[in-house]
Structures are given as C-alpha cells and as structure tokens.
Amino acid sequence: PEPVDAAICLRSFYYPTDRRAFFARVRGYTRKKFVFDFRARVHDPATIAADLRAAGFERSAFHPFLLPQLRRVPPALVPAIDLLERTGAPARLVARRFGRVFCAAWVD
C-alpha cells in the first residue's frame with residue numbers, strides 16, 4: 001500500500017494490453033525509478049519513451065542486453081558480447097534482431 005523507490009518488471013512487459021495505462025499505474029506508486037526489459041524487435045523504443053513521458057516518467061535510458069537467456073554461450077564469447085553491448089548504435093541494431101533491451105525510467 002506504500003509507494004516504493006524502484007519498481008522492476010522483467011520478462012513480462014508484453015502482458016499489459018494498454019501500455020500507457022500500465023506505465024501510469026506503475027508511476028502512481030514509484031517514487032524514483034522503473035526498470036524493465038523488452039524485445040526491440042516487437043516494441044519500438046521511441047514509442048516506449050513517449051509512453052513513459054506521457055505516464056509521468058521524466059527521463060528514460062535504453063541499454064541492449066545481448067546475452068541469450070535461454071541458451072548457454074561459450075564462456076570465451078561472453079567478453080566479446082559484453083563489448084558489443086557497449087558500442088551504441090551497432091548494439092542497438094543487433095538488439096533489434098537478437099537479445100533484449102533494458103529500460104530505466106526516472107522521476108526527477
């Protein structure tokens with residue numbers, strides 16, 4: 001019943017049928033930060049950013065996460081994938097096809 005400083009929603013972003021209403025509900029009890037993941041191949045990050053602003057989150061940041069969650073990656077490849085995640089535009093392009101995107105939305 002009390003507000004929280006941070007809310008986290010992992011691997012369930014696709015459940016809400018009305019994303020703006022969902023974001024507004026989360027914003028209603030979140031004082032500072034909301035973190036969630038989604039597939040950029042399915043959900044456009046620019047539209048998500050607009051929906052977050054409409055719900056009252058003042059800032060948002062997106063970070064590609066390219067390590068598969070359902071398959072094991074050979075340990076020798078993990079450093080290369082980690083490096084790729086930090087390349088900005090190339091990582092975002094890869095995330096549109098593979099992987100997930102993490103979003104952090106803040107209230108200032």
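Reader: Of the 108 residues of the chain, what share counts as buried?

Author: The share is 31% of the 108 residues. Buried means under 20% relative accessible area, exposed means over 50%, and partly exposed lies in between, with a 1.4 Å probe and protein chains only. The areas come from the Shrake-Rupley method with a 1.4 Å probe, and for residues only the protein chains shown count as cover. Keep in mind that this is a predicted model: local features need pLDDT of at least 70, side-chain atom pairs count only at pLDDT 80 or more, and totals for chains, interfaces and linings use all residues. Residues are numbered from 1 along each chain as its sequence is written, and side-chain values use heavy atoms, leaving out hydrogens and water.

Reader: How many helices and strands does the chain have?

Author: Helices (H or I, at least four residues) and strands (E, at least two) are DSSP runs, numbered from the N terminus. Here there are four helices and four strands. Along the sequence they follow the pattern β-α-β-α-β-α-α-β. The C-alpha atoms fill a box of roughly 45 × 25 × 25 Å along the principal axes.

Reader: How many salt bridges does the structure hold?

Author: A salt bridge is a side-chain nitrogen of Lys or Arg within 4 Å of a carboxyl oxygen of Asp or Glu. The structure holds six. Take Arg 19 and Asp 51: their side chains meet in a salt bridge at 2.8 Å, N to O. This pair links distant parts of the chain, with Arg 19 in helix α1 (residues 19-29) and Asp 51 in helix α2, 32 residues apart.

Reader: Are Arg 19 and Asp 51 buried or exposed?

Author: Both Arg 19 and Asp 51 are buried. They also belong to a network of salt bridges that links Arg 19, Arg 20 and Asp 51.

Reader: Which side chain is joined to Arg 19 by a polar contact?

Author: A polar contact is a pair of N or O atoms within 3.5 Å; within protein, one must be able to donate a hydrogen and the other to accept it, and residues adjacent in sequence count only if both atoms are side-chain atoms. The side chain of His 43 makes such a contact with Arg 19, at 3.4 Å. His 43 sits in the loop between β2 and α2. Its relative accessibility is 18%, so His 43 counts as buried.

Reader: Which residue forms a salt bridge with Arg 59?

Author: Asp 108 does, and the closest N and O atoms are 3.1 Å apart. Arg 59 lies in strand β3 (residues 59-65) and Asp 108 in the segment after β4 (100-106), so the pair ties together parts 49 residues apart in sequence. Arg 59 is partly exposed at 42%. Asp 108 has 63% relative accessibility, so Asp 108 counts as exposed.

Reader: Where do the side chains of Arg 86 and Asp 82 meet?

Author: They meet in a salt bridge, 3.2 Å from N to O. Arg 86 is exposed, with a relative accessible area of 60%. Asp 82 is partly exposed at 31%.

Reader: Which residues form the positive surface patch?

Author: Patches are made of residues with over 30% relative accessible area and no salt bridge; like charges are joined within 9 Å, and nonpolar side chains (Val, Leu, Ile, Met, Phe, Trp, Tyr) within 5 Å. Lys and Arg count as positive and Asp and Glu as negative, while His and the chain ends are not counted. The place of a charge is NZ of Lys, CZ of Arg, CG of Asp or CD of Glu. Here Arg 11, Arg 39, Arg 41 and Arg 97 form a positive patch.

Reader: Where is Arg 11 found?

Author: Arg 11 is in the loop between β1 (4-9) and α1. It is partly exposed, at 40% relative accessibility. Its phi is near 55°, a positive value in a residue other than glycine. Arg 39 is in another stretch, the loop between β2 (30-38) and α2 (45-54).

Reader: What does the side chain of Thr 30 reach?

Author: It reaches the backbone oxygen of Val 26, at 2.7 Å. Thr 30 lies in strand β2. At 1% relative accessibility, Thr 30 is buried.

Reader: How far apart in space are Pro 64 and Cys 103?

Author: They are 8.9 Å apart, C-alpha to C-alpha, and 39 residues apart in sequence. Pro 64 lies in strand β3. With 7% relative accessibility, Pro 64 counts as buried.
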